[in-house]
Amino acid sequence: MNSPARVIGLVNAAHFIDHYAMLIFAAAVIVMGPALGMAYSELLPYATPGFVAFGAGSLLTGWLGDRWSRRHMMVIFFLGIGASMIAVGLVQTRLQLGAALLSIGLFASIYHPVGTAMIVSYADRLGREMGLNGVWGNLGVASSALVTGVVGQYLGWRFAFIIPGIVTILIGVAFALMVVHEDRSGHKQAAAQARVAKEDMWRVIVALLIVVLAISTTFNAVTVALPKLFAERLAGLTSSPALLGVIAACVYVFGAMTQYTIGKLIDRYSLKAVSLPLSFVLAPFLYLAATLSNLPLIVAAIGIVMGAFGQVTVNDAMVGKYTSEKWRSRAYAVRYFIGFTAAGASVGLVAWLYQQGGFVTMLHAFSGLCLLVIAAAIILPAEIKVPAAGVS
């Protein structure tokens, strides 16, 4: 029998790696261009197929996780994404670069439907573990640009891919040696302690669909727009790109803290009791941020990030609580496929809205979109507490 703490620890590391690997190219592309004799605008589109695969691939990988083995799929994740990172560091042609980046996206698509389902299966306190798992993912996002920049500067861009690739394979070997395939359907699970009435499941599905579409779109839009927004609106405080980056990083720290806090609250209260007050955070802060600058804008940005990151934790806990063990990877696959598709569309939407009326129009539009989150929280049904299943 696997140690739950060991499994969760290794799956958290996988969440870090998943987001880290997907963002190395975005940071390294600046120095890769001159080395490969390509302009920034020529090189950046090579990442697109990988990001498409990141979302679309989750449907297949989630199905395999449920029908075959989540443990085996995670071994493939570690070894595959590690080898893919190394492959990017060794490319010599444009075709090889595109293929290697696509490979990273395909293997990265395994994590969210499969790894998140494993967290739910082994969690003793679902909310806390989901919150901590989110923090690990955000650490991967935050550290990717920093580490890639340092390694790229001193060792070259190729090692920025090769070194994390080698480390990932070593972690994968450790996972393969320490975690065995295990049927968790008969074990006590925190997720089994709350359900909703069968006739109310349509309300859960509608609420989740609304929130995933609204939050995924808003979350990615804010992530894309925040550096530019700070550069325009924080001129009264600083014009240093480095300091602006530090400010943005500090804002995201509040988001990570919120995920952990919301996770703890989910363990104590029903999802409706947590999600309803949280749903009122995003819309007003987005609306206010449209016309703010300097320190007030930073405060509003913290509110936006806290609201968005908190909702991500609620979404993941909702799927974990209200789906059965044998269907859970597939449920997460659909959730992330919809979310990543919406997030991808948000980039073009940000550009179009900014062109129409700058950040005022853009932030007001997303504020209006987030009013739907309030409606979703209101229609979410009450939970029915049930005893956890005993070990068979």
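This is a predicted model: local features need pLDDT of at least 70, side-chain atom pairs count only at pLDDT 80 or more; totals for chains, interfaces and linings use all residues.
1. Extent of the interface. On the domain 1 side, 28 residues are in contact with 25 residues of domain 2. The size of an interface is often given as the accessible area lost when the parts come together. Here the area buried between domain 1 and domain 2 is about 2200 Å², and carbon and sulfur atoms give 66% of that area. L59, D66 and N138 supply 20% of the area that domain 1 buries against domain 2, more than any other three residues.

2. Between domain 1 and domain 2 the count is 1 salt bridge. D66 forms a salt bridge with R330, and the closest N and O atoms of this pair are 3.0 Å apart.

3. Elements on the domain 1 side. Helix 3 (48-67), helix 6 (111-122) and helix 7 (126-155) are the elements that give two or more residues to the side touching domain 2. Helix 3 gives the most, with 10 residues.

4. Nonpolar core. The largest nonpolar core has 102 residues, of which F25, M74, F77, F175 and F230 touch the most other members. At least three residues of this core come from each of domain 1 and domain 2. Leaving aside neighbours within four places in sequence, F230 is in contact with L244, I247, A248, V251, L297 and A301.

Note on methods
Residues are numbered from 1 along each chain as its sequence is written. Side-chain values use heavy atoms; hydrogens and water are left out. A nonpolar core is a set of buried Ala, Val, Leu, Ile, Met, Phe, Trp, Tyr and Cys residues joined through side-chain atoms within 4.5 Å. Buried means under 20% relative accessible area, exposed over 50%, partly exposed in between (1.4 Å probe, protein chains only). Domain bounds come from an automatic or database domain assignment. Contact means heavy atoms within 4.5 Å. Buried area is the accessible area (1.4 Å probe) that two parts lose on being put together, summed over both. A salt bridge is a side-chain nitrogen of Lys or Arg within 4 Å of a carboxyl oxygen of Asp or Glu. Helices (H or I, at least four residues) and strands (E, at least two) are DSSP runs, numbered from the N terminus.
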